[in-house]
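Take a slow look at the fold before reading on.

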Amino acid sequence: TMGGLLIFVSVSVSVLLWAQFNVWTLTALFVYTSLTSLGFLDDYLKVSKRNSKGFPSRGKLIWQGLTAAATLFILLNNPMSVDKVQELWLPFVKNAVMTQMPLWALFGFLFLVLVGASNAINVTDGVDGLAIGCTITVAIVYSIMAYAAGNFIISEYLLISHVPGVGELGIVCAAIVGGGLAFLWYNAHPAEIFMGDTGSLALGGLVGVIAFMTHQAVTLIIVGGIFVMETVSVILQVMSFKSTGKRIFRMAPIHHHFELKGWAETKVVIRFWILSLIFAFAGLATLKIR
């Protein structure tokens, strides 16, 4: 277990070797390191201390909130990022919806993106190969988006936000793809290694902050459609059971629902990978539809 450490090492070393050191790459590594530490602590308590609950949920939120606050502090105190980070962009819109978000809104938005993405991948991580396979497709899309946002000519042609230097995040995303593929080799059914919260919480936060810095945070809802499905299924299940005493799904997250309906685990994973690719292509299409 705690296989997320292997992904962390491969991604971090690759970024340190090949990415240019600027505020975008260093911020991404900071978030990744912080949430890897949180996930490792959670897994350590579960495995070594025989604590089934792990790190308290409230403690996780506080840790993620402090990570978001520190991230925002870094971005607002660097001349390369201070102006760009305050803009709000939406898919299908060719100009910034807001050019200077107030501090409270900026923090709230970043916090939602970080916590939402982090917990969404964590919820999805329940079947061999599912979470990492879907993370790979998302990372491929954001490597393209990061490169496009960092290139003046391409961003001007596509009518998307041009963020100088952010193209280096394409290398971070490529490292996620590489590390993820190597991990998937051993995580495929029957899995010999599991990422644990060390991997899922951290990868989610890393993808979230990359989406935020490339001004494609809202597009993550489309690109990461599988993660949205999984998270919404849990929310609906809890709401339905608490209000009516009845369950909408046989079991949540939704991949367990299909398993209980008789689908083989590998069939669930491959079909969700297919859906993940479809969501990824739909997310890429937003670059051209303005």
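**A walk through the pockets and helices**

The residues lining the second largest pocket split into five nonpolar, five polar and three charged. Keep in mind that this is a predicted model. The second largest pocket holds about 250 Å³ of space. It is lined by 13 residues, and S57, K60, N119, N122 and V123 are the closest to its centre. Helices α3 (57-76), α4, α8 and α10 each give two or more residues to this lining. The largest share, four residues, comes from α3.

Now turn to the largest pocket. About 360 Å³ of space lies there. Its lining has 19 residues, and V113, G116, A117, L220 and I221 lie nearest the centre. At least two lining residues come from each of α4, α8 (196-213), α9 (220-223) and α10 (225-244). Helix α4 gives the most, with seven residues.

Follow α4 next. This helix covers residues 103-124, which makes 22 residues. From its first C-alpha to its last it reaches 32 Å, close to the 32 Å expected at 1.5 Å a residue. The buried residues of α4 include L106, L110, V113, L114, A117 and I121. An α-helix has 3.6 residues a turn, so residues three or four places apart point the same way. Look for that spacing as you trace the helix. V113 and A117 are buried, and both are among the residues nearest the centre of the largest pocket.

Helix α10 comes next. How far apart are the end C-alpha atoms of α10? They are 27 Å apart, which agrees with the 28 Å that its 20 residues should span at 1.5 Å a residue. Its buried residues are G225, I226, F227, E230, S233, Q237 and S240. These buried residues pack against α4, α5, α9, α11 (254-260) and α12 (265-285). Just after α10, G245 takes a positive phi of about 80 degrees.

Now find T137 in helix α5, residues 130-150. Is T137 buried or exposed? T137 counts as buried because its relative accessible area is 11%, under the 20% cut-off. Its side chain makes a polar contact with the side chain of S276, at 2.6 Å. Leaving out residues up to four places away in sequence, T137 touches S276, L277 and A280.

Most residues other than glycine have a negative phi, and most peptide bonds are trans. F92 is not a glycine, yet has a positive phi of about 75 degrees. F92 sits in the loop between α3 and α4. With 44% relative accessibility, F92 counts as partly exposed. L159, also not a glycine, has a positive phi of about 60 degrees. L159 is in the loop between α6 (152-158) and α7. Its relative accessible area is 38%, so L159 is partly exposed.

A cis peptide bond joins H189 and P190, with omega about -5 degrees. P190 lies in the loop between α7 (169-187) and α8. Another cis peptide bond joins A252 and P253, with omega about 0 degrees. P253 belongs to the loop between α10 and α11.

Terms used:
Residues numbered from 1 in each chain as written. Predicted model: local features only at pLDDT ≥ 70, side-chain atom pairs only at ≥ 80, totals over all residues. Heavy atoms only, no water. Expected span 1.5 Å × (residues − 1). Buried < 20%, exposed > 50% of the residue type's maximum accessible area, 1.4 Å probe, protein only. 1 Å grid on protein atoms, 1.4 Å probe; cavity = no way out; pocket = protein on both sides within 12 Å on 5 of 7 lines; lining within 4 Å. Points joined across faces, edges and corners; volume = space filled by probe spheres on them. Nonpolar A, V, L, I, M, F, W, Y, C, P; charged D, E, K, R; others polar. Polar contact = N/O pair within 3.5 Å; in protein donor to acceptor, adjacent residues only side chain to side chain. Contact = heavy atoms within 4.5 Å.
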